[in-house]
Number of protein chains: 2
Amino acid sequence: MIKVNENYLLLQSGYLFPEISRRVRAFTEKNPLAKVIRLGIGDVTEPLPPAIIDAMHKAVDNMAKRDSFKGYGPEQGYDFLTDAIIANDFASRGVSLATDEIFVSDGSKCDTGNFQEILGLDNVVAVADPVYPVYVDTNVMAGRAGNFDGKGRFTNIVYMPCTPDNNFVPALPKEKADIIYLCYPNNPTGAVATKEQLKMWVDYALKNKALILFDAAYEAFISDDNIPHSIYEIPGAKETAVEFRSFSKTAGFTGLRCAYTVVPKELKVWTKAGKEIELNPIWNRRHCTKFNGASYISQMAAAAVYTNEGKKQVRKIIDIYMSNAATIRKSLTTLGYEVYGGINAPYIWLKTPKKMTSWEFFDNLLSKANVVGTPGSGFGAAGEGFFRLSAFGSPANVAEAMERFKKI
Amino acid sequence: MIKVNENYLLLQSGYLFPEISRRVRAFTEKNPLAKVIRLGIGDVTEPLPPAIIDAMHKAVDNMAKRDSFKGYGPEQGYDFLTDAIIANDFASRGVSLATDEIFVSDGSKCDTGNFQEILGLDNVVAVADPVYPVYVDTNVMAGRAGNFDGKGRFTNIVYMPCTPDNNFVPALPKEKADIIYLCYPNNPTGAVATKEQLKMWVDYALKNKALILFDAAYEAFISDDNIPHSIYEIPGAKETAVEFRSFSKTAGFTGLRCAYTVVPKELKVWTKAGKEIELNPIWNRRHCTKFNGASYISQMAAAAVYTNEGKKQVRKIIDIYMSNAATIRKSLTTLGYEVYGGINAPYIWLKTPKKMTSWEFFDNLLSKANVVGTPGSGFGAAGEGFFRLSAFGSPANVAEAMERFKKI
């Protein structure tokens with residue numbers, strides 16, 4: 001008799017974004033004339049710039065000719081892309097990496113979700129709260145989370161509250177933690193971590209032989225020169241951290257699918273018997289066995305992001321989104337909202353007024369202003385009473401949404 | 001202290017294809033003038049036809065304009081593609097499926113590797129031997145395989161030998177089996193299963209409440225009208241089988257990445273306590289949590305495969321490969337080899353001469369004829385003494401390779 005992985009039955013309700021879609025669909029079915037503005041899911045809206053479009057047309061043409069046709073590529077990505085990644089994202093910031101420490105993939109959701117697979121089930125997982133749900137849900141699926149406590153948390157996961165009091169950078173946990181998920185610039189709070197704050201985490205991980213899974217999907221939105229873009233800017237981080245990067249938000253690739261993960265060769269893990277094991281070849285084995293490379297066309301598009309023209313054009317788009325973020329911050333502050341984030345990150349994290357729950361505010365905002373945001377409680381218990389707005393809408397929609405906020 | 005998933009340490013040597021690459025690289029470094037012909041890895045070589053190229057150019061242009069720009073798509077794939085899949089691959093053969101039974105992905109390697117995740121660890125896995133290594137390796141990684149016996153097999157996996165005696169379709173296992181991987185047309189043997197043979201398996205699975213994971217990645221190569229293309233052509237199969245399909249071999253998408261998996265709503269699995277669970281929503285949850293949709297451009301390309309022009313052009317390419325297969329069969333038969341497959345599948349499975357091991361034949365063929373094939377033993381113990389040639393080379397290369405076979 002075929003048995004299900006019963007860990008899946010521990011998962012709570014729907015995954016956050018499908019639930020939002022469901023409520024929006026129900027609303028628009030009842031109100032077909034409502035012009036709904038979506039500032040909920042973190043999806044981009046600006047079209048891709050010419051440098052990227054040109055690179056993709058060229059890639060498509062290459063697929064039409066025998067001599068330039070590309071079949072399976074290296075599972076870890078083409079050198080033309082990994083070389084550009086190393087030079088532009090790391091060497092330029094004083095971080096040296098080798099080609100075989102970069103694993104190109106089809107998305108950071110996949111990478112952050114899959115990475116835990118190569119780690120033992122008896123590791124203790126620590127996450128910020130609020131947190132990107134994928135970190136928790138994939139550990140629930142694997143059986144590392146324990147039981148649901150009925151109050152929004154799993155018994156074996158260490159939750160590290162992120163609140164205005166700690167500027168949304170958690171304190172070191174009192175409990176033992178082996179796998180620590182950190183995301184800066186942060187989704188959902190829009191907070192950033194300083195060098196000193198990241199150093200505290202790297203030192204903790206080195207001392208405790210813990211592994212930091214560092215999600216830097218939003219690094220391109222950092223405007224403050226003093227904020228690190230990569231955890232490897234912190235001495236010792238290569239011995240203790242994996243870093244996830246994505247072209248989705250940086251360059252508008254949510255529909256193209258390209259990302260990468262850095263697994264330094266210095267990284268060590270251990271068997272129960274205490275034998276030291278290099279992590280890089282283990283991830284390489286996983287990557288080669290369960291993945292067959294990112295689309296050649298998406299990789300050509302990603303390489304174009306690093307050309308001179310590409311850099312300028314992508315920067316312009318990021319500036320549009322960050323101008324949206326400034327608009328949202330300013331408007332909501334004027335309206336008396338308590339507002340966080342939106343300076344080095346494309347997310348604004350607001351405190352719901354009148355002690356509304358996050359979903360109450362969601363329903364209220366949808367029905368009265370026809371604006372979709374993301375309930376903070378969907379990101380964890382400590383997100384209750386908060387609400388995320390994304391700066392990825394078009395400037396016109398963002399301006400219109402801010403007008404409508406005045407009415408609620 | 002961070003612990004590794006020790007199941008990974010049970011994996012044997014390198015994954016087959018990286019090992020082949022390593023040996024070929026070593027050979028070409030020593031023999032830089034040798035013109036090596038690769039009939040090893042099952043990668044296509046024909047460029048993509050105009051209907052697919054045009055669809056991709058159009059998709060790229062859509063990404064350049066705000067109104068047609070596509071960000072995140074549905075994780076399960078765009079309706080324009082799933083509708084075409086249902087109409088062309090299933091309705092046309094008398095099989096009705098609903099949109100939410102189709103899960104578009106970035107590859108069948110990923111899907112066949114990932115599917116076991118949603119099933120309990122105490123299920124007994126049965127595989128054909130020889131077998132596509134991903135089925136076994138991903139179960140080793142999950143901890144479902146037991147220990148390596150030192151002779152090429154894992155203690156908890158049921159191996160079902162496929163030999164000339166059973167026409168490479170295994171007999172029903174005497175042992176209990178909960179998860180049964182079947183692949184027809186078969187990789188690596190090139191064998192096909194008749195309706196009667198598949199019915200035997202479906203009936204077995206229904207009776208034993210087992211799950212068949214049916215890999216039909218090569219169905220487009222079937223030339224015999226009586227051979228089923230989908231397992232759902234067998235009555236009852238929807239209650240007991242998942243089917244994997246791919247555009248990689250069908251339409252030359254190995255570099256584009258697009259595939260799909262069918263999970264019928266009739267499929268049930270059970271908890272240890274005997275509670276019945278629908279499998280479709282469980283896979284949907286996995287798919288939405290760890291995957292963010294296939295590239296929009298690849299999906300547009302896949303949809304073009306189903307247009308009238310696309311069908312004709314793709315058929316032409318398949319005919320080229322199957323003409324290669326016929327050339328290989330004929331040449332090797334004339335040379336006195338014992339040859340299987342190559343009629344309804346793009347693989348030729350030959351018995352090595354002079355009782356050579358598979359890797360001895362590999363090294364011999366590489367050094368004397370500069371032709372790369374795949375050692376049968378890389379697919380399992382019962383593949384020892386066999387060798388796989390792929391028909392995916394260019395006709396000129398295949399003809400040249402057959403000339404060189406005369407010399408060894």
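Which residues are buried in α8(B)? In this predicted model, they are L279(B), I282(B), W283(B), N284(B), R286(B), H287(B), C288(B), T289(B) and K290(B). Helix α8 of chain B runs over residues 279-290 and has 12 residues. From its first C-alpha to its last the helix reaches 17 Å, close to the 16 Å expected at 1.5 Å a residue. With 9 of its 12 residues buried, α8(B) is mostly covered. The cover over these buried residues includes elements from both chains. Chain A contributes α1 (16-30), α4 (108-114) and α5 (133-142), while chain B contributes β2 (102-105), β9 (268-270) and β10 (276-278).

In chain A, residue T289(A) is found in helix α8. T289(A) counts as buried because 22 C-beta neighbours lie inside 10 Å, and 20 or more are required for that class. T289(A) and I2(A) are 287 residues apart along the chain, and their C-alpha atoms are separated by 24 Å.

The contact between the two chains was examined next. It takes 70 residues from chain A and 70 residues from chain B. On the side of chain A that touches chain B, at least two residues each are supplied by α2 (50-62), α4, α5, β9 (268-270), α8 (279-290) and α9 (296-304) of chain A. The largest share of this side comes from α8(A), with 5 residues. By residue class, the side of chain A that touches chain B divides into 35 nonpolar, 18 polar and 17 charged residues.

Within chain A, two domains are assigned: domain 1 (7-47 + 309-405) and domain 2 (56-307). Taken over C-alpha atoms, the centres of domain 1 and domain 2 of chain A are separated by 24 Å. In the contact between these domains, 37 residues of domain 1 of chain A meet 44 residues of domain 2 of chain A. The elements giving two or more residues to the domain 1 side of this contact are α10, β11 (339-341) and β12 (347-351) of chain A. Of these, α10(A) provides the largest share, 7 residues. The domain 1 side of the contact consists of 20 nonpolar, 12 polar and 5 charged residues.

Helix α10 (residues 308-334) of chain A also packs with another helix of chain A, α12 (residues 395-405); the two axes come within 10 Å and cross at roughly 10 degrees. Angles under 35 degrees count as roughly parallel, so α10(A) is roughly parallel to α12(A). From α10(A), the residues in this contact are I320(A), S323(A), N324(A), T327(A), I328(A), S331(A) and L332(A). Their partners in α12(A) are P395(A), V398(A), A399(A), M402(A) and F405(A). The contact of α10(A) with α12(A) has 8 nonpolar residues, 4 polar and no charged.

Several backbone features were also found. Most residues other than glycine have a negative phi, and most peptide bonds are trans. In chain A, a cis peptide bond joins D129(A) and P130(A), with omega about 5 degrees. P130(A) has its place in the loop between β3 (125-129) and α5 of chain A. A cis peptide bond also joins N187(A) and P188(A), where omega is about 15 degrees. The loop that holds P188(A) is between β5 (179-183) and α6 (195-208) of chain A.

In chain B, F168(B) has a positive phi of about 65 degrees although it is not a glycine. F168(B) is found in the loop between β4 (158-161) and β5 (179-183) of chain B. F168(B) is buried because 23 other C-beta atoms lie within 10 Å. K209(B) likewise is a residue other than glycine with a positive phi, near 50 degrees. K209(B) has its place in the loop between α6 (195-208) and β6 (211-215) of chain B. With 16 C-beta neighbours inside 10 Å, K209(B) counts as partly exposed.

Another loop residue of chain B, S394(B), lies between β15 (386-390) and α12 (395-405). S394(B) counts as partly exposed because it has 15 C-beta neighbours inside 10 Å. S394(B) and G71(B) are 323 residues apart along the chain, and 37 Å separate their C-alpha atoms.

Key: Residues are numbered from 1 along each chain as its sequence is written. Chains are lettered from A and ligands numbered from 1 in the order in which they are written. This is a predicted model: local features need pLDDT of at least 70, side-chain atom pairs count only at pLDDT 80 or more; totals for chains, interfaces and linings use all residues. Helices (H or I, at least four residues) and strands (E, at least two) are DSSP runs, numbered from the N terminus. The expected span of a helix is 1.5 Å times one less than its number of residues. Two residues are in contact if their C-beta atoms, placed from the backbone, lie within 7 Å. Ala, Val, Leu, Ile, Met, Phe, Trp, Tyr, Cys and Pro count as nonpolar, Asp, Glu, Lys and Arg as charged, and the others, Gly among them, as polar. Axes are lines fitted to C-alpha atoms, for helices over the stretch in contact, and angles run from 0 to 180 degrees between N-to-C directions. Angles under 35 degrees count as roughly parallel, over 145 as roughly antiparallel, 65 to 115 as roughly perpendicular and the rest as oblique. Domain bounds come from an automatic or database domain assignment.
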